[in-house]
Amino acid sequence: MNRPDLNFPATVLDVVLIGRLNRSNLTKPYSEADKKAALEALKAMGLGLEGPKDELIGKLSGGERQRVFIARALATEPKLLLLDEATLSVDRRLDTRFREFLNELKNKMTIIVVTHDISALFKYVDKIACLNRRLYYKESKQITQEMWMEAYQCHVDIIAHGLPHRVIEDY
Amino acid sequence: MSISLPTVCLIELSKTTDCDVTLDLILVLTVGFLFKELLAISFDREFAQTPKLPVNLIYYILLTLVAFTIVMLIRVVGVILVMALLTIPAAVSVIFIKRLLHMMFGAAALSLLFMLLWLWLSYVTNLPSGATIVILAAAVFFVTHALW
């Protein structure tokens, strides 16, 4: 399948609105509710009213473009959100804001975050699973030292967040 | 023998058939109704499949519309130059216009302008009309790309 064509004359808002497409609005224009949902998704990604909603998608930086694509996914109002290294090229401040936003969203949908970045394990997660060929899952918010060693064969001492929060148990 | 410019225009206009008008109507209506879907599948077909849209059907409709346009244009400029006439107005208007919808109107307006200029040019220079329009369009394309 083809990748998004970045030279395409589509604005940021056009791209996010694609997330609102469905069978019931086929052949009809987007409703006001669709536009509102799209703008809200953009705002959640830090690309609000003052943001580049009328800018061409190809003119954005890589990080901004990634945020637009996440906004498009959010605009679909999914029941399950799978994020695979979703905020990799996004700056730290927005990353924190994004986590807070996910925390609000998690009452409405199941969110699975996949990451290689240990510090990206954030305080809002409910369950953590480690994956390295095998899945290590204990239905808890904590990773036990054995789980960690078994999965990754290395020690981790501390993971610091804004508020001290322990995801690795004492050893 | 000399015929006046308005007469040339009338002769060219008289080449328009009912078939052209029907195809034009089909084109405008289909694009009008399927605009946002066409935008979605042209930009990112993979994502357009997620809301279970009939992506392949829409894609084939798009190809059919392109085929209709080509059929109409071939009669104007012939097989070889049809690509130039099909792409140049769009390529020029994308320089100035950001939104797809506005770009469509811009490209149509440019095509109209090219056609009128072309009729006049080939009338005063007595050059073959099909080639003249493409030379004209290509000249505009290169000039606008060099300047903006």
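Among contacts in chain B between residues at least 6 apart in sequence, what percentage join residues at least 24 apart? In this predicted model, the figure is 49%. Chain B is built with 7 helices and 0 strands, and the points below cover its overall make-up and then one pair of its helices.

**Overall make-up of chain B**

- The order of elements along the sequence of chain B is α-α-α-α-α-α-α.
- The C-alpha trace of chain B spans about 65 × 40 × 25 Å along its principal axes.
- Chain B has 148 residues, and 18% of them count as buried.

**How α5(B) and α6(B) are arranged**

- Helix α5 of chain B covers residues 82-96, and helix α6 of chain B covers residues 100-125.
- These two helices pack with their axes 8 Å apart, at an angle of about 125°.
- The crossing in which α5(B) passes α6(B) is right-handed.

**Residues in the contact of α5(B) with α6(B)**

- From α5(B), the contact is made by Pro89(B), Ala90(B), Val92(B), Ser93(B), Val94(B) and Phe96(B).
- From α6(B), the contact is made by Met103(B), Gly106(B), Ala107(B), Leu110(B), Ser111(B) and Phe114(B).
- By residue class, this contact of α5(B) with α6(B) has 9 nonpolar residues, 3 polar residues and no charged ones.

Note on methods. Residues numbered from 1 in each chain as written. Chains lettered and ligands numbered in written order. Predicted model: local features only at pLDDT ≥ 70, side-chain atom pairs only at ≥ 80, totals over all residues. Helix = DSSP H or I, 4+ residues; strand = E, 2+ residues; numbered from the N terminus. Buried ≥ 20, exposed ≤ 12 C-beta atoms within 10 Å, placed from the backbone. Contact = placed C-beta atoms within 7 Å. Axes fitted to C-alpha atoms, helices over the stretch in contact; angles between N-to-C directions. Left-handed = near helix turned anticlockwise from the far one by under 90°. Nonpolar A, V, L, I, M, F, W, Y, C, P; charged D, E, K, R; others polar.
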